[in-house]
Amino acid sequence: MDKLRELGIQEMVPLPQMVVVGDQSAGKSSVLDSLTGFHFPRNVTLCTRHATEIICRREETKSIVVSIQAVDADEGKAKKFRREASNLNAPEFAKIFSDAAEVMGIKSDPDGPGSAFSRDILRVEISGPNEDHLTVIDVPGMFENETPGLTTKDDIELVKNMVKGYISESRTIILAVVPCNGDIANQKILTYAKEADPDGKRTLGVLTKPDLAVENATKEVVVDLVLGRRRDLQLGYCVVKNRGADDTSSSTEARNSEEKSFFSQSPWTRLPAERVGIPALKTRIQQLLMDRTRNEFPKVRAELSSKLKGKEEDLEGMGQSRSTVDEQRMFVGEVASKFMRIKDQGLDAYYNRNKIFSENTDLKLVTRIREINERFSRVVYEKGHARKFSAQEEDKSADTDAAIKEEDSTKYSSDFGFGESFDRDDLYDNKANFNIPLIGEEDLDGLLAEPYGCAPPSDEDILKYIEHEYMTSRGDELGTFSGEMLPTTFKEQSKKWSPMARAHVSNAILIVHHFIRTVLEKVCPDPDVRTELWTYLLDDLQKRYQRAVDHAEFLLDVEFQGTSMTYNPSFWDKRDRTRRARNESLREQANAELRADRRAVDVDKIETILVMALGNEDPVKTTRQDIHDVLFSYYDIARSRFVDVLCQQVIHHYLLHATDSPLAVLSDTVVLKMSDDQLDSIAGEDMISRERRKKLNADIENLRQALKILRG
Ligand code: GDP
Ligand code: MG
């Protein structure tokens, strides 16, 4: 048991110890004083106000340390209280005790501030080569009546509960101190002891102050008790004589010899030597503790095992240890590789390989990207042009257009949407399977474009617009038009592309960002590490998004600032087809008109029809029609090209698949490149966890050692 104590096991599992209980002034402190040689400040008026634990240990070096275990006292103040004494000398201790009483808030004089008792524990640890391992506790004496101005009913209860708490512990030997000069038969403490220890296996009676029993009848009662004739305590009684109130300075030897000579008188000589005097009591107590300890072994062992299991579980719950750089790199590396695995699955649509995708359907990354790309493409094709082209044969979606018009007319006051406030989803048609996720928007400050909602193309006559442009910018060219006409009209016709493309890229960034954040949350559940890791990654991540945004700007720049350019052979085909189709439809119209009006031939009308069918006399009208046809053909090609390139380069390449895409912000390589300091600030444990882990490890080690000792 001593070996267990050396391991500090009693902090986790109660080990056999001894508590001295009894009424006020029964002589408890005196008994301890005599037993341990430790001089409690004894005072006839000032009784014990708090529990004192005296822990004696046999150790090489001599030391006496006094500290406070706070219950009522201010935790900080109590922690700071630590005194080392050089020897067990009474005045020195009297000073320490009164300082401690102040920390505990115990009042020093009846009228002073503070309380009468404190539940704080004064701990005195005495070690030295001659000490025996022994833990004894001195508690305030119990009392039944309040003293006005000094003690209250609450104090009576407080002390009673404190004493009951100590004696209820099944591994504690109860020294019940009963003075010989009082009413021996009716000691309340014996009742309490009986409650706590019904078998009486751990209660030893100690009779004090035999020298103050003057009447022979009283002495006979004492003799009867010690001889075991009362049988109320199974372990019986011992009788001791402590220092009297007047003796403040006698040495241990002097006290021992005085006691011895006292008991050599009648009637005490009739008592067996092993029940008389302090040295005998000490032997008896040690015997008792030993028996108790032996009996307790199996139970202690069981408790140690279950405690060990509990501590091991606690430690496991804390996750991997992260105190060394290697452990930290391992830890973050594992987070990174889990992240990479889920990222790859999200990009390849291998959603069945990880249950994270069925639990969080919003993580189906590539599916969502595909969906917004399709929706983007559709909306650019349907509504991306500023004005409707003239005589477009493809009026396939007439009803959709009508639907759009009705829905949009309330929403869009201008065809450009400025000054309106839109949702991120307004960019696309409303047939969405999900909403654009907005979490983490704050991380993307300065990266995201305004949300945009695309109004339907304007009904304004495009030919009139082209004519106006032509008339206000033409030069000397005859029968043809300037090279500036196409870029100018194209820019106007595609003016909604920029806000649309920017809003679309923003949406894709939001989806990717949501994915990264959510996956990181799953693969790194420790919130502290995650916050630090996030702080570390965010800068880099923003740069990666910025590359995508920059590239989108680059594409817009190329499309609108440069010359209008295409080498696509279908450009000419398309233009010619447009022309032919128009001429044919005009001819048909003319034919129909002629057929209808055959009877009344109107010369003017025939001429108009001829002009319509065969060519325009007005050169401006011919030119604007030519410009329109070139624009129509070019717009169509540029649109396909732009949508594809934007989706392919900005979104698929820069945002998803590039080696330096945002999704690659966390990888094995990134972790390998982290410096020791960076790792420590990300994955290093805070002081509290580090201490806790250290304590758990030490406890586990001690408990294992203890179990080994118990197994012999
Ligand atoms: P506690 O309140 O139970 O701790 O009692 P103390 O140990 O403080 O003792 C109260 C008083 O009784 C002190 O003045 C002691 O000197 C005195 N006292 C204790 N034991 C004996 C004893 O065996 N003989 C005599 N004459 N006085 C004693
Ligand atoms: Mg006392």
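This is a predicted model: local features need pLDDT of at least 70, side-chain atom pairs count only at pLDDT 80 or more; totals for chains, interfaces and linings use all residues.
Visitor: How many residues does the contact take from domain 2 and from domain 3?
Guide: Contact here means heavy atoms within 4.5 Å. On that basis domain 2 gives 8 residues and domain 3 gives 13 residues.

Visitor: Which residues of domain 2 lose the most area to domain 3?
Guide: About 950 Å² is buried between domain 2 and domain 3, with 40% from carbon and sulfur atoms. On the domain 2 side, three residues together make up 67% of what is buried. They are Arg-322, Gln-328 and Arg-329.

Visitor: How far apart are the closest N and O atoms of Arg-690 and Asp-680?
Guide: The rule finds 3 salt bridges across the interface of domain 2 and domain 3. A salt bridge requires the side-chain nitrogen and carboxyl oxygen to be within 4 Å. Arg-690 and Asp-680 form a salt bridge, and their closest N and O atoms are separated by 3.6 Å.

Visitor: Which helix gives the largest share of the side of domain 2 that touches domain 3?
Guide: Between these domains, 13 residue pairs are in polar contact. The largest share of the domain 2 side is 5 residues, and they come from residues 325-348, helix α10.

Visitor: What is the distance from an oxygen atom of ligand 1 to a polar backbone atom of Asn-242?
Guide: Asn-242 is among the residues that come nearest to ligand 1, out of 18 around it. Its polar backbone atom lies from a ligand oxygen atom at 2.7 Å.

Definitions and conventions
Residues are numbered from 1 along each chain as its sequence is written. Chains are lettered from A and ligands numbered from 1 in the order in which they are written. Side-chain values use heavy atoms; hydrogens and water are left out. Buried area is the accessible area (1.4 Å probe) that two parts lose on being put together, summed over both. A polar contact is a pair of N or O atoms within 3.5 Å; within protein, one must be able to donate a hydrogen and the other to accept it, and residues adjacent in sequence count only if both atoms are side-chain atoms. Helices (H or I, at least four residues) and strands (E, at least two) are DSSP runs, numbered from the N terminus. A residue is near a molecule or strand if one of its heavy atoms lies within 4 Å of it.
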